[in-house]
Amino acid sequence: MFLERSTHLITVGSIQDLPSLDYLINIPRHVKITVAFDASVNHLKEDYYKDLNENLPDFQIGMHATKPDIYICKLITEEEIITNQSFFVQCAKDYRKLGEELMSLFITKKKLKVDEDFLFLVLNQLKDRKNQNGKVGDWKYFLHGFHCHFQHIKTRQEIEVPIMFGKEFGDLDPYFFFFIY
């Protein structure tokens with residue numbers, strides 16, 4: 001089950017509008033806070049960002065380079081990771097299995113002759129406007145970079161499958177864990 005993250009916007013027009021650390025500590029994990037600074041107080045943004053990073057170690061804090069925004073999300077704690085370790089291991093196994101199934105379907109439907117060790121060489125040839133995206137089975141696909149993005153047509157489930165490791169499709173790319181959604 002995927003938990004949708006909701007965004008709560010806080011517009012800051014004065015120093016009194018800045019959310020307190022106590023307020024932020026108590027936000028639920030599924031809530032992302034966007035603190036938007038009015039032009040009159042935008043000079044406070046960088047110091048507030050530094051203060052948040054120093055005082056909220058269990059949060060992901062991001063500051064936009066050009067927009068007057070700071071993004072705040074509560075991270076999963078080490079205790080929660082330990083408690084749910086077997087669940088996360090199963091998620092990784094399920095990810096690999098689904099990646100293998102989707103790439104097998106893709107290769108079969110596209111009638112590709114692949115080199116077991118250099119699959120990406122064949123797939124790179126498909127990265128043109130005509131073949132880069134389409135549909136296989138109940139999934140839409142989009143070949144890009146080092147991955148093939150799949151989205152289930154009915155459920156909207158999405159998965160990024162790596163294509164750079166031969167027929168190993170279970171590599172968990174840390175890039176996709178970085179962003180605040």
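Start with helix α2, residues 45–55, which lies across β2, β3 and β4 and runs at about 165 degrees to β3. The model on screen is predicted.

Select the four strands that form an open sheet; their order is β1-β2-β4-β3, and the pairing is mixed. At the edges are β1 (6–12) and β3 (59–63), each of which pairs on one side only. From one strand to the next, the twist averages 20 degrees. Strands of a sheet pair through backbone hydrogen bonds, either parallel or antiparallel. Show β2 (residues 31–37) together with β4 (residues 69–74): these two pair in the antiparallel sense over four bridges.

**Helix α4.** Next, select residues 85–109. How far apart are the end C-alpha atoms of this helix? They are 36 Å apart, in agreement with the 36 Å that 25 residues should span at 1.5 Å a residue. Now colour Tyr95, Leu98, Gly99, Leu102, Met103, Phe106 and Ile107, which are buried in α4. An α-helix has 3.6 residues a turn, so residues three or four places apart point the same way. After α4 comes Lys111, with a positive phi near 50 degrees.

**The largest nonpolar core.** In soluble globular proteins, nonpolar side chains tend to be buried together. Here the largest nonpolar core has 20 residues, and those with the most contacts inside it are Met103, Phe106, Leu123, Cys148, Phe150 and Ile159. At least two residues of this core come from each of α4, α5 (119–124), β6 (139–144), β7 and β8 (158–162). Helix α4 gives the most, with six residues. Apart from this core lies another, of 17 residues, including Leu18, Ile27, Leu56 and Ile61.

Beyond residues up to four places away in sequence, Leu123 touches Met103, Phe106, Leu112, Leu143 and Ile163.

**His149.** Last, go to strand β7, residues 147–152, and pick His149. Is His149 buried or exposed? His149 counts as buried because its relative accessibility is 17%, and the cut-off for buried is under 20%. Leaving out residues up to four places away in sequence, His149 touches Lys140, Tyr141, Phe142, His144, Glu158, Ile159 and Glu160. With one of these, Glu158, the His149 side chain makes a side-chain to side-chain polar contact of 2.7 Å.

Definitions and conventions. Residues are numbered from 1 along each chain as its sequence is written. This is a predicted model: local features need pLDDT of at least 70, side-chain atom pairs count only at pLDDT 80 or more; totals for chains, interfaces and linings use all residues. Side-chain values use heavy atoms; hydrogens and water are left out. The expected span of a helix is 1.5 Å times one less than its number of residues. Buried means under 20% relative accessible area, exposed over 50%, partly exposed in between (1.4 Å probe, protein chains only). A polar contact is a pair of N or O atoms within 3.5 Å; within protein, one must be able to donate a hydrogen and the other to accept it, and residues adjacent in sequence count only if both atoms are side-chain atoms. Contact means heavy atoms within 4.5 Å. Two strands pair if DSSP finds at least two bridges between them. Axes are lines fitted to C-alpha atoms, for helices over the stretch in contact, and angles run from 0 to 180 degrees between N-to-C directions. A nonpolar core is a set of buried Ala, Val, Leu, Ile, Met, Phe, Trp, Tyr and Cys residues joined through side-chain atoms within 4.5 Å.
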